[in-house]
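Hi everyone, thanks for making time. I'd like to walk you through a few spots in one structure, so please have a look at it first.

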Amino acid sequence: MRIAILCILACLTSPDYSDFVSSFTPSPLTQKTRADFPAINTGTVYLDSAASSQKPSFVIDAQSEFDRTTHSNVHRGAHKMSREATRRYEDARSSLAEFINAGSRRELVFTSGATNSLNLIAHSWGIKNLEPGSEVILSIMEHHSSIVPWQLIQQNFCPGIKIKFCPLNSDNSDLDYDELEKMMNANTKVVSIVHTSNTLGITTDTKRIASIKARKAAADSIYIVDGCQSLPHKKVDVKDLNCDFFVASAHKMVGPTGVGLLWGKEGLLDAMPPFMGGGEMIDIVTTTGSTFAELPGKFEAGTPMIGQAIGWGAALKYLESIGGMEEIEKCENNIGTYLYESLQAIDGVTLYGPTDPSKRAALAAFSVENIHVSDIATFLDLEGVAVRAGHHCTQPLHDMLGISHTARASCYFYTTKEDVDIFVEKLKETIDFFRSQESGGADATGDGEGEIDYFA
């Protein structure tokens, strides 16, 4: 009942975009880049870019070229191939540092992904700095990767810490910043809040959060920003965010899987102990102890993800070559609004997150009355449309919303109007099919028997 009332109130107060669909003009960026992505030119309508974006031929070729001509381990060899592999790997680090406006390339650590980055912070900074009574503040929108590492620290290393969750505002359109301020106190040691929600599309106000932390939290507290859903879609300047740590993954921004970044302020990283031990991260090893490499090497134990990092460097070049992040953001605002308004016009569809499309990312989480979202996704897949169904690794958020699962359609700059039109048409056909059945389909809350659990 609460959700229904909120939806009605939101409809009464949200801007009128009713003419947007009929007057929609495709972005020139989409038309210019669509042919660059081989996997989405095979007939599939791909609306799952929030989970993993597609890769352009430029990135695929860069990785392939490295494997075919220069594949070698980095930092360790005096031979030509090793030197060239090292140059390309470190060039990718420099490109990323410049891309996010890091103060130094020493502040940028390559990891296996944002999940690894968040675990590194929790184990390296957390175990050293947290004590009984310390508080960790997260938002209810967090991905499990931002929640579970702190729970592991609580269970295995620091049982006396408290983990608190900041709620959303009354209409679930933004973080409740007033409540966040009330929650913070001198015991607050960690504030970790997503930049853009992978489920609701909400983008948080990082400067406001940083300001609250500076006034209310412990002097030695840290602020972590999960940028997995922001860095691929807009210009991000880590200095401007006013955070202490920033994490992201390549595979959501036309790059390879298996590589991510941890950016941290150099002083903080310097003071943190290594997360894992092994080759590469050492200076001297003896039978009685070890000393460690300087930044960022001390956090990059073992053979790194060389080809993936080089592929990420190529992805950054590609993104800049097509017009840069400002153009990408404008393009996605356009197609994202078209997606949202098209879904809003379908009877029985409930959308979650901000009702003003200009205040949300180019994704839409939704459910359909009396139809399980797994059935929706399966039937759409049979029609060649790829969307995601599940809890999107945000189970606490879904619990707060009173549902167990949602379907999610997500766009990138290569998403066309035709993609959205086909998706909407097939979704309507799927809804009509289930409504025509005497059984009426499974319960939309996702609590029916035989439920398939699709993970984010």
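I'll go through a strand, then a helix, then some aromatic rings.

Quick housekeeping: this is a predicted model, where local features need pLDDT of at least 70, side-chain atom pairs count only at pLDDT 80 or more, and totals for chains, interfaces and linings use all residues. Residues are numbered from 1 along each chain as its sequence is written, and side-chain values use heavy atoms, with hydrogens and water left out.

Okay, the strand is β15, residues 406-410. Helices (H or I, at least four residues) and strands (E, at least two) are DSSP runs, numbered from the N terminus. How many of the residues of β15 are buried? It's 5 of 5, and buried means under 20% relative accessible area, with exposed over 50% and partly exposed in between, using a 1.4 Å probe and protein chains only. In a regular strand, side chains alternate between the two faces of the sheet. Here T406, R408 and S410 are on one side, A407 and A409 on the other, and both faces are covered.

What does β15 pair with? Pairing needs at least two bridges found by DSSP. Strand β12, residues 363-368, runs antiparallel to β15 over 4 bridges, and A365 has R408 as its bridge partner. Strand β14, residues 388-390, is also antiparallel to β15, over 3 bridges, with G390 opposite T406.

Next, helix α8, residues 206-216. Which residues are buried there? They are T206, I209, A210, I212 and K213. Among the elements covering them are α7, β5, β6 and α9, where contact means heavy atoms within 4.5 Å.

Now the rings. There are 12 aromatic pairs in the structure. Rings of Phe, Tyr and Trp (its six-membered ring) pair if their centres lie within 6.5 Å; planes under 30 degrees apart are stacked, over 60 edge-to-face, and the rest tilted. F37 and Y414 have centres 4.7 Å apart and planes at 55 degrees, so that pair is tilted.
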